[in-house]
Amino acid sequence: MSAPLPAVLHQHTARLLDQLLQFAHPADATVQQYFRKNTALGSRDRARVADAVFGCLRHLRRVRHAAGEGASADALVAAWTGGAWAAIDPATLSPAERADLPDWLMERWPWPAGEVASAVAEAFNQPAPLDLRVNIVKAKRDAVQAALAAAGIETVAGRWAPHALRVVGKPALQRHPLMVDGSIEVQDEGSQLLGQLLGARRGEQIVDFCAGAGGKSLQIGAQMRNTGRVHAFDVSAGRLSELAQRAKRAALGNVQPMAIRDENDVRLSRLAGKVDRVLVDAPCSGLGTLRRNPDLKWRQGPEQLAEKAVLQGAILTAAARLVKPGGVLVYATCSMMAEENMGVVDAFLSEHPDFTIEPALAALAKQGVELPDNGRSTLLLDPFHHDTDGFFAARMVRCA
Ligand SMILES: C[S@@+](CC[C@H](N)C(=O)[O-])C[C@H]1O[C@@H](n2cnc3c(N)ncnc32)[C@H](O)[C@@H]1O
């Protein structure tokens, strides 16, 4: 929540906010760079400055409204820390202003206008908790929870995902021995559910087509108890660069990273029609991560969603070629926007009659994950209903 800041911290916050409002780079990168240059700020001060700038970004419409048209960064910070933004009479605001969303996003908000839509928006405007995934190859959830508690770190078992722990508060965890030895990984509970939806079994051939840093590849590798193979592909060699090391730490020899030129890389043809399960965790707007990256709603517009949908369709089509008859294809995003989700899946299914949708919640229930019925065949997670980041996933199967 907003709170007054000492004058020096107020100045730092205003200077940093001024840079952030240029939206030239992702906010977390700008914040890190600012702290690297301003070494006099201690860790507590940095936390207070970061909380204040992220608060302003989350609630920018109301903060701007309270500070007045064309207000300086200094005045915006004052409106935030003084709480003027929260005291505005809601009746004087449009629904998008009340929800601190840009108009284009409110118009496309996938929950029908009304109380639920507002509650979901409000939940996306809260800071995110820290979730861990227990690496079941190395440890059991109960034992990890007890070891963390002994070190003064309180956690609660995840609400849905069987290997998830939610950290209470903000303890420093990065150098904890369980993190260093690969027994735990940071992974949002919703993200864990996407990996779970793939349903990988021991000994299978799996492709994680957009593996990034490999968070889901490691989860899948552990789910297969270090058997079979997880081919972890990505166009970014940089993102994949630490995966081999992380897999080693996690005691996984079944995760094989490979940088690809693009989704049609010729080296993929050797796997055509041979893979048991393919996960496409597609590049997307990332709007499902607004709790962590509130700048994303101000840095994008409908044009970006349309551009992303073209790339997503191309990747899904290429990835589908690898699925063997009877195999599973999961298309997922960290976005709740229909254009990037059902829009892409519907277009794909209309051109690929050999694939059909399998109800996602039923597939998860078979693995012991019981989510409330959402009236859809796909998975749509959000921070209000599920207390996770926003995610979408469709599970498809190729006719045998
Ligand atoms: C949502 S991220 C993946 C996150 C990752 N699965 C994880 O769990 O950490 C999407 C990834 O898609 C990759 N990507 C973008 N275009 C691609 C393409 N044409 N083929 C394969 N991967 C691509 C990006 O480099 C990015 O790492």
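Domain bounds here come from an automatic or database domain assignment. I noted that this is a predicted model, where local features need pLDDT of at least 70, side-chain atom pairs count only at pLDDT 80 or more, and totals for chains, interfaces and linings use all residues. Residues are numbered from 1 along each chain as its sequence is written, and side-chain values use heavy atoms, with hydrogens and water left out.

**Domains**

I found domain 1 (7-93), domain 2 (98-125), domain 3 (130-186) and domain 4 (189-398) in the protein chain. Between the C-alpha centres of domain 3 and domain 4 I read 24 Å. How many residues of domain 3 are in contact with domain 4? I got 20 residues of domain 3, touching 24 residues of domain 4 (contact means heavy atoms within 4.5 Å).

**Ligand**

Next I listed the 16 residues around the ligand, and K216, D234, R239, E263 and D281 come nearest (a residue is near if one of its heavy atoms lies within 4 Å of the molecule). The shell holds 8 nonpolar, 3 polar and 5 charged residues; Asp, Glu, Lys and Arg count as charged.

Then I checked polar contacts, which are pairs of N or O atoms within 3.5 Å. D234 has a polar side-chain atom 2.6 Å from an oxygen atom of the ligand. For K216, a polar side-chain atom lies 2.9 Å from a ligand oxygen atom, and for R239 I also wrote 2.9 Å to an oxygen atom of the ligand.

Conventions:
A polar contact is a pair of N or O atoms within 3.5 Å; within protein, one must be able to donate a hydrogen and the other to accept it, and residues adjacent in sequence count only if both atoms are side-chain atoms.
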